[in-house]
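Open the model in your viewer and keep the selection panel at hand.

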Amino acid sequence: MSNATPELAPPVCVDGEVLENRWITPVTKVMKIHAPDVAPGMQPGQFVNLETTKTLVPMLRRPMSIHKVVKHQGIASGFCVLYDVIGPGTQNLSEMTPGTKISFVGPLGNMITVPETARRATIIAGGVGIGPVKFVAESLQERGMRDITVVYGARDADHSVPVHEAMPDGCRPLLCTDDGSVGRKGFVTSWTEELIERNRLTPGDYVFTCGPHAMFKAVRDLLGKHGIAAEAATEEFMGCGFGVCFGCPLYQRQPDGQVEMKLCCVDGCLFPLDTLVFEGELEDGVSA
Amino acid sequence: MNATTTQAEAPPEPAVDLSVELGPLKLANPIGTGSGTYGKGVEFQSFYDVARLGCVVVKTITVEERAGNPPPRLAETAGGLLNSIGLQNPGVERYIAEVLPKLRTLGAPLVINIAGHTVEAFGELAAAFGAEEGIAALELNMSCPNVSGGLDYSTDPKVAHEVVARAKDVTDLPLIAKLSPNVTDIVPIGLACQEAGATAVSAINTYVGMAIDWRKRKPILGRGFGGLSGPCIKVLALRLVHRLYQALDIPVIGIGGIQTADDVMEYLVAGATAVQVGTANFYRPNCALEIVEALPGLIRELGATSVRDVVGTLEMPG
Ligand SMILES: Cc1cc2nc3c(=O)[nH]c(=O)nc-3n(C[C@H](O)[C@H](O)[C@H](O)COP(=O)(O)OP(=O)(O)OC[C@H]3O[C@@H](n4cnc5c(N)ncnc54)[C@H](O)[C@@H]3O)c2cc1C
Ligand SMILES: Cc1cc2nc3c(=O)[nH]c(=O)nc-3n(C[C@H](O)[C@H](O)[C@H](O)COP(=O)(O)O)c2cc1C
Ligand code: FES
């Protein structure tokens, strides 16, 4: 397995065509977009910024992780996003029918970095953090990795994306919900702890995680105790998505111990999990 | 246009002269970019050829490095965006060493935007950039609402005069004074900048505003308040641009809510010689070039053949 990061394709702003836009849970949809010029350059962990309307309600685009790259006879011809319908932007997206032109900016952000020595992977996702998982897991499989566990936690059955939508065949799903309606009752950390206890997750494995801040904190502290590194796909409110508005900072601890602001969209959105500093964790002396 | 003259059905459309002059500064077209909305310019090279713009205005540079304000820095509002970025920049020394060389390759005239925390600091910045190659003009940001320490130089005509005069002392570069709308009357400030030797004024910077999450009883922005930009401020800016056009002899650069060539026409008619596209760069990253391409058609609609023919042609009711 190689960790040579290919040169990332520079982003463009173009129209794609909606091919499919279907419900996969009562609150979640998957949209398939035809974009043959851009899709071949998309890398796992990257995102796109979608225009949801021409009428400025809302004005800003909405960032979405690339859920899957669609291949036609082995050649990438489009991509999918998986999204929860929660506000005006995602409401607009949910109303788009096949044939609609949709403007998107992408590909954006950095891609996963898999250590050459990693033979096994664990993916830990919470809520809509399941968005990027399929593409990430598929690319790990393409690199020859067979042992991939996906720990996935959702609020309840209505919010739990079916396994065949969430990840490619061949992954080991470990599910949980807050109310126990799907999988184990509890949080992703409970499954993760068990994996560690059974030596099914050890330092040297590749770990990818995406979810809310509270989950990041818990996972970071748990993995940290066992010396296991992880890559986190972060989310911040974004003005542009390509590094020109300076609107999307998050806090990251630098190798010298100093905490600095980094831009989620261009410095990430993937960061080493143990370097992230969340709200409420800032000490004195941080320039803010 | 590529109309072929051999097939003499449609007469070729008359060529439209998009060039404009801001004092000694000649621009191929009136479309520039708003400071702080265009990054370092290089980010747009993958969207279109930046050299086709009239000019590129880069994000404000200060003497010292600034980390910027704590998040959240953005709030989306109806037809607008509230920001408190806080002039995040690496400081003049590193900027000249690390960023400026890249900007020189953009191909469009380069306008460097500076902000000092004192009148002296404006002088220091103007002198530093005045000594560099490849800079077309300086824009003096006297109006950013997002930094503390009384940076709001464009609320007092006397101080505005001092800032422009100080910069004028130390550099021969054309000076554009960027004005704040957060004043009772913008005209005396514009006049003071003109008297101090400004080549042009640009109007406007953002309106100070606040967005509130009532459930938390808290402002949405980390710093409490911020600057409002976007389509919702266009009509406010148009009026100020028109007033400045009427009162000043130097050119006015119109800024605020521009996202289409129609918006630009409104500014030109109101009296702007040139314009800057700001927030729209975030959500329609191709739009500045699209405007350059669409503008000749709209100018022709008025029976005009140049930008100059359109500027300030507004007919106010008697
Ligand atoms: C890099 C990145 C990748 C993302 N990938 C996905 C994905 O694959 N699937 C998915 O469903 N969502 C994803 N999101 C979040 C998604 O962008 C927001 O859910 C969306 O912008 C909400 O827009 P809205 O107009 O429907 O709701 P709004 O009314 O704008 O927001 C509803 C709620 O979502 C929150 N929110 C808004 N924007 C963001 C944001 N950028 N990040 C986090 N929370 C936000 C708001 O604070 C509010 O509480 C991603 C965000 C980022 C930054
Ligand atoms: C995120 C953001 C950052 C900005 N930063 C600066 C800045 O550094 N210096 C400056 O002079 N103006 C800055 N501005 C103001 C713009 O240049 C412009 O004057 C204003 O946004 C109005 O134009 P618009 O409605 O087209 O955005 C900023 C605006 C935004 C939205
Ligand atoms: S979203 Fe604009 S810089 Fe990150």
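A crossing of two helices counts as right-handed if the near helix is turned clockwise from the far one by less than a right angle, and as left-handed if anticlockwise. Keep that for the first stop. Note that this is a predicted model.

**Stop 1: two helices in chain B.** Select residues 261–270 of chain B, helix 6, and residues 287–301, helix 8. The two helices pack at an angle of about 60°, with their axes 9 Å apart. That angle makes helix 6 of chain B oblique to helix 8 of chain B. Their crossing is right-handed.

Now show side chains. Helix 6 of chain B brings B:Ala261, B:Asp262, B:Val264 and B:Met265 to the contact. Helix 8 of chain B answers with B:Ile291, B:Ala294, B:Leu295 and B:Leu298. Colour this helix contact by residue class: 7 are nonpolar, none is polar and 1 is charged.

**Stop 2: where the chains meet.** Select the contact between the chains: 26 residues from chain B and 23 residues from chain A. On the chain B side, look for strand 5 (74–77), strand 6 (80–83) and helix 7 (280–283), each supplying at least two residues. Helix 7 of chain B gives the largest share, 3 residues. By class, the chain B side has 13 nonpolar, 10 polar and 3 charged residues.

**Stop 3: chain A as a whole.** Switch to cartoon: chain A has 6 helices and 17 strands. Its radius of gyration is 18 Å, close to the 19 Å from the globule rule for 288 residues, so chain A is as compact as a globular protein of that length. Its C-alpha atoms fill a box of roughly 50 × 45 × 40 Å along the principal axes. Colour by burial: buried residues make up 45% of chain A.

Technical notes. Residues are numbered from 1 along each chain as its sequence is written. Chains are lettered from A and ligands numbered from 1 in the order in which they are written. This is a predicted model: local features need pLDDT of at least 70, side-chain atom pairs count only at pLDDT 80 or more; totals for chains, interfaces and linings use all residues. Two residues are in contact if their C-beta atoms, placed from the backbone, lie within 7 Å. Helices (H or I, at least four residues) and strands (E, at least two) are DSSP runs, numbered from the N terminus. Ala, Val, Leu, Ile, Met, Phe, Trp, Tyr, Cys and Pro count as nonpolar, Asp, Glu, Lys and Arg as charged, and the others, Gly among them, as polar. Axes are lines fitted to C-alpha atoms, for helices over the stretch in contact, and angles run from 0 to 180 degrees between N-to-C directions. Angles under 35 degrees count as roughly parallel, over 145 as roughly antiparallel, 65 to 115 as roughly perpendicular and the rest as oblique. The radius of gyration is taken over C-alpha atoms; the globule rule is 2.2 Å times the number of residues to the power 0.38. A residue is buried if 20 or more other C-beta atoms lie within 10 Å of its own, exposed if 12 or fewer, and partly exposed in between; C-beta atoms are placed from the backbone.
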